Amino acid sequence: MAKTSHYTTQLTEGNFYHIYNRAVGSDLLFKTEDNYQYFLKKYQEYINDFADTYAYCLLGNHFHLLIRVKDELPSPSSYLTSFENLSNMNNHQIISKQFKNLFIAYSKAFNKQQNRNGTLFQTPFKRCVVDNNIYFTRLIYYIHANPQTHCICDDFTEYKWSSYGSILSEKISNLKRKKVVDWFYGKEGFINFHKENQKLSEIEYLMIE
């Protein structure tokens, strides 16, 4: 269960955050491969200009992100509509609005595809500031291990909808791949850290939430 602070934490420039959310009730967020792909497409559209992404994982009924809010936000003219008043919005509200727009855009498409009505995502979305190196390191593993933790797959390193494989890939990506790999002193260190921590208790990592 999320802590109260995870609903109220302010998103500010230059800070790292664990962003996570789930579907309402027992609903699913993703039912087809197209759903996963569309969410990532819309994520790039609404979030990439506002935050850098270090790790992610999309699961059937929830998702996890490790992001860093950019030091400078884009020009307001690029994302505010004519009837919105910038003077009434602080940076936290602006970034939160981008996540809200992401969820709305995805929900509309998902509901239409699934012949569904109503809210899809829980609100507000959860966020926790990542304020130390140990938390940052453990969180990357926790996000990648989530599919195995929830018994979605036997080996999370083979799961398609997380950043684990993308970080090791040479394909073009908007992920902060180099910074993550460098954090673990290279790809071998990244791989070994994940292998070693697969042996640890699931309960220890569930405490991150």
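## Helix α3 and its ends

How many residues does helix α3 have, and how far does α3 reach from its first C-alpha to its last? In this predicted model, helix α3 covers residues 91–114, which amounts to 24 residues. Its span from first to last C-alpha is 34 Å, close to the 34 Å expected at 1.5 Å a residue.

At the N-terminal end, α3 is capped by N90, which places a side-chain oxygen 3.1 Å from the backbone nitrogen of H92. After α3 comes N115, with a positive phi near 55°.

## Overall organisation

The chain contains 8 helices and 4 strands. Read along the sequence, these elements follow the pattern α-β-α-β-β-α-β-α-α-α-α-α.

Of the 209 residues in the chain, 48% are buried. Among contacts between residues at least 6 apart in sequence, 69% join residues at least 24 apart. Two residues, taken up next, provide examples of contacts between separate parts of the sequence.

F39 belongs to helix α2. Is F39 buried or exposed? F39 counts as buried because its relative accessibility is 0%, and the cut-off for burial is under 20%. Leaving aside residues up to four places away in sequence, F39 touches F30, L58, F63, L102, Y106 and F121. With one of these, L102, the separation in sequence is 63 residues, while the C-alpha atoms are 8.2 Å apart in space.

L58, a contact of F39, is located in strand β2. L58 also counts as buried, at 0% relative accessibility. Beyond residues up to four places away in sequence, L58 touches F30, Y36, F39, L40, F63, Y159 and W161. L58 and S162 are 104 residues apart in sequence, yet their C-alpha atoms are 6.3 Å apart.

## The largest pocket

The largest pocket has a volume of about 530 Å³. Its lining comprises 24 residues, and those nearest its centre are L40, Q44, Y56, S166 and S173. The elements that give two or more residues to this lining are α2 (33–47) and β2 (51–58). Which of the elements gives the most to the lining? That element is α2, with 6 residues. By class, the lining of the largest pocket has 9 nonpolar, 8 polar and 7 charged residues.

The loop between α2 and β2 holds N48. At 18% relative accessibility, N48 counts as buried. Its contacts, not counting residues up to four places away in sequence, are Y43, K70 and N174.

By class, the lining of the second largest pocket has 6 nonpolar, 6 polar and 2 charged residues.

K126 lies in strand β4, which covers residues 126–130. K126 is classed as buried because its relative accessible area is 4%.

## Backbone features

Most residues other than glycine have a negative phi, and most peptide bonds are trans. Where is a cis peptide bond found? The cis bond joins T123 and P124, with omega about -5°.

C151 is not a glycine but has a positive phi of about 60°. C151 is in the loop between α4 (133–149) and α5 (163–168), and with a relative accessible area of 68% it is exposed. Y185, likewise a residue other than glycine, has a positive phi near 60°. Y185 occupies the loop between α6 (177–183) and α7 (187–197). Y185 is exposed because its relative accessible area is 81%, where exposure requires over 50%.

Note on methods: Residues are numbered from 1 along each chain as its sequence is written. This is a predicted model: local features need pLDDT of at least 70, side-chain atom pairs count only at pLDDT 80 or more; totals for chains, interfaces and linings use all residues. Side-chain values use heavy atoms; hydrogens and water are left out. The expected span of a helix is 1.5 Å times one less than its number of residues. A polar contact is a pair of N or O atoms within 3.5 Å; within protein, one must be able to donate a hydrogen and the other to accept it, and residues adjacent in sequence count only if both atoms are side-chain atoms. On a 1 Å grid over the protein atoms alone, a cavity is a set of points where a 1.4 Å probe fits but cannot get out, and a pocket is an open set with protein on both sides within 12 Å along at least five of seven lines; lining residues have an atom within 4 Å of a point. Grid points are joined across faces, edges and corners, and a volume is the space filled by probe spheres set on the points. Ala, Val, Leu, Ile, Met, Phe, Trp, Tyr, Cys and Pro count as nonpolar, Asp, Glu, Lys and Arg as charged, and the others, Gly among them, as polar. Buried means under 20% relative accessible area, exposed over 50%, partly exposed in between (1.4 Å probe, protein chains only). Contact means heavy atoms within 4.5 Å.
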